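Here is a briefing on one protein chain. Look over the sequence and the structure first, then read the points below.

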Amino acid sequence: MKRRIDHDVDVVVVGAGPAGSTLSALVSMQGHRVLVLDKDLFPRGQTFESLAPSTMYGICRFTGATAQLERSGLAASPGTSFRWGGDPDSWAVDYAGSDRLATGAAQAHHIERARLDQILVDTARRQGVEFRDECEVVDVLSEDGRTTGLSYVASDGVERRITSQYLVDASGSVSPLRTIAGAGGRDVQDRGTARYGYFSGRRGTDRPDNTLVAAFDRGWFWCTPLGPTLTGVGVVIRDRAGVAAGARDEDLTRDLAALVQQCPAVAEYLNGSSRIGFGPHGRDLRWQVSCHSQESFWRPGMVVVGDAACAVPPLPGIGVHLATYGALLAARSINTALLTGGDDTAVFEEFDNRYHAEHRRIAQLLDALRDHAVDRESLAELLAGVSSRDPVLLQAPDYIARRDVPRWFTGEGSRPAPALPTAVEPPPDTPGLRATDDGFRWRTILSRPSPAAVSPLPIG
Ligand SMILES: Cc1cc2nc3c(=O)[nH]c(=O)nc-3n(C[C@H](O)[C@H](O)[C@H](O)COP(=O)(O)OP(=O)(O)OC[C@H]3O[C@@H](n4cnc5c(N)ncnc54)[C@H](O)[C@@H]3O)c2cc1C
């Protein structure tokens, strides 16, 4: 294998999932040179995703992806229906139950994963990011304890090296970089096997546009209305007994439909639908899921975001929210460090504290959900992705003012858009640095070009 130096960038990102493409756009928008590498050929993937309001109207609006997402004809849900624990009755949480969402933002959207990835990558490209697919990162470079770049192998089989000021590991839940870079330990609190597939036909429920989360003996289902007659159905099986290794495809297909019959709430929701057993929607897919968190999300010269850093079991919109919010927090730290130079410890600790706090908040609320000890408003905020109160995650008033929002979009009881605060308040449990008014960096003290020139960062 030939080895040669390729080039030098400010930031190199491993992985073009929601975390990697969001972070790269936010750093490139501040004028830095960003390269994203992904081992897969894009577009790819068979899954579906829900986007929380914080993703659709917050982060994606910030990067410029929202308009493209809207043009792609997403399905929308005003809320999530639950059938959980020993309570025999179903109940629903509407996003409009959170006062923090602006008018028109109180809904989740659903999209097939391949389209989501492509839109986020296209957005990052429009913001100046260079993206290369079919490039597998195989090594992390370091010097005197600081990460200085990586090496990767492209489809031509040539190994190349990139040097960078910061390396971002956004390589997902089975991140290979964790072992390569020797990052800190990982705390796994819960795990299971997710299986998912597609059903076609009308949904037999009084709230057919809601997502459904329903517990049963062996785990829980989440059902995603992808269109009037298309539903994505996933199940997390915590005992793993239902997923025999090496089972034939037809057994797996039968198993998902059979599992649905074990959960009356899902059987009722899908009454009128049947499992699609052929074509692109016909495969029965599996994924190991876990609630995990790295001990630390950064080390000198390197940050970890998205599922590589922390994750929770699938709930509508939450995985992508955690990935993109972590990307925003990390981008603020990288943008600040690249601007100010010098000791970057404080800004990366800020990222680390806030990101751990967000993961903890969601994991705790999930525990509370299991115990039925959570109020509807907190759950609406959790599902909307706005528990941290970071204004970038809320829909900006100027954005909604430009749109003609149909009546059915906003629903009953819609509120006027809240004014956007002038500075991003830290959430209550993470006192620390504030974000700049434009949301791209942390407000701190310039340490460059000389200590004499100390002044607050420019605003806007
Ligand atoms: C079955 C299932 C359904 C889900 N549904 C939802 C949902 O409806 N809504 C929701 O919000 N969340 C959902 N999630 C969670 C969500 O998919 C993840 O949280 C989200 O994709 C994390 O994004 P990421 O960018 O961190 O990682 P990923 O999306 O996993 O992206 C990582 C990228 O890194 C690349 N990569 C890995 N190794 C290398 C390497 N060595 N070199 C180069 N590239 C590499 C991979 O190819 C990949 O593109 C679901 C999860 C599961 C298991």
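What does the secondary structure of the protein chain come to? The count is 12 helices and 22 strands. Helices (H or I, at least four residues) and strands (E, at least two) are DSSP runs, numbered from the N terminus. The model is predicted: local features need pLDDT of at least 70, side-chain atom pairs count only at pLDDT 80 or more, and totals for chains, interfaces and linings use all residues. Residues are numbered from 1 along each chain as its sequence is written.

**Confidence**

- pLDDT is the predictor's confidence in each residue, from 0 to 100.
- The protein chain averages a pLDDT of 81, and 79% of the residues score at least 70.
- Residues 240-252 have a pLDDT below 50, and this stretch has 13 contacts in the model beyond near neighbours in sequence.
- Residues 396-423 stay under 50 as well. For them the model has 35 contacts beyond four places in sequence.

**Burial and contacts across the chain**

- A residue is buried if 20 or more other C-beta atoms lie within 10 Å of its own, exposed if 12 or fewer, and partly exposed in between; C-beta atoms are placed from the backbone.
- Of the 460 residues of the protein chain, 47% count as buried.
- Two residues are in contact if their C-beta atoms, placed from the backbone, lie within 7 Å.
- Take the contacts between residues at least 6 apart in sequence: 72% of them join residues at least 24 apart.

- Helix α1 spans residues 18-28 and is mostly covered, with 11 of its 11 residues buried.
- Among the buried residues of α1 are Gly20, Leu23 and Leu26.
- Axes are lines fitted to C-alpha atoms, for helices over the stretch in contact, and angles run from 0 to 180 degrees between N-to-C directions.
- The axes of α1 and helix α4 (residues 113-126) come within 8 Å and cross at roughly 15°.
- α1 and α4 are therefore roughly parallel to each other. Angles under 35 degrees count as roughly parallel, over 145 as roughly antiparallel, 65 to 115 as roughly perpendicular and the rest as oblique.
- The α1 and α4 crossing is left-handed. A crossing is left-handed if the near helix is turned anticlockwise from the far one by less than a right angle, and right-handed if clockwise.
- On the α1 side, Pro18, Ser21, Thr22, Ser24, Ala25 and Ser28 meet Leu120, Val121, Thr123 and Ala124 of α4.
- The residues of this α1 and α4 contact divide into 5 nonpolar, 5 polar and no charged. Ala, Val, Leu, Ile, Met, Phe, Trp, Tyr, Cys and Pro count as nonpolar, Asp, Glu, Lys and Arg as charged, and the others, Gly among them, as polar.
- The axes of α1 and α8 also come within 8 Å, and they cross at roughly 30°. That makes α1 roughly parallel to α8.
- The α1 and α8 crossing is right-handed.
- The α1 residues in this contact include Leu23, Leu26 and Val27, and those of α8 include Ala323, Ala327 and Ile334. The contact residues divide into 12 nonpolar, 4 polar and no charged.

**Helix α2 against α8**

- The axes of helix α2 (residues 53-63) and helix α8 (residues 318-340) come within 9 Å and cross at roughly 25°. That makes α2 roughly parallel to α8.
- The crossing of α2 and α8 is left-handed.
- Ser54, Thr55 and Ile59 of α2 meet Val320, His321, Thr324, Tyr325 and Leu328 of α8. These residues divide into 4 nonpolar, 4 polar and no charged.

**Helix α10 and its end**

- Within helix α10 (residues 376-384), the residues Leu379, Ala380, Glu381, Leu382, Leu383 and Ala384 are buried.
- Gly385 follows α10 and has a positive phi, near 80°.

**Two loop residues**

- Glu134 sits in the loop between β8 (130-132) and β9 (135-143).
- Why is Glu134 partly exposed? Glu134 counts as such because 15 other C-beta atoms lie within 10 Å.
- Leaving aside neighbours within four places in sequence, Glu134 is in contact with Lys39, Leu41, Ala154 and Ser155.
- Glu134 and Leu37 are 97 residues apart in sequence, yet 7.7 Å apart in space, C-alpha to C-alpha.
- Asp438 lies in the loop between β21 (434-435) and β22 (442-443).
- Asp438 is partly exposed, with 14 other C-beta atoms within 10 Å.
- The C-alpha atoms of Asp438 and Val392 are separated by 8.9 Å, with the two residues 46 apart along the chain.
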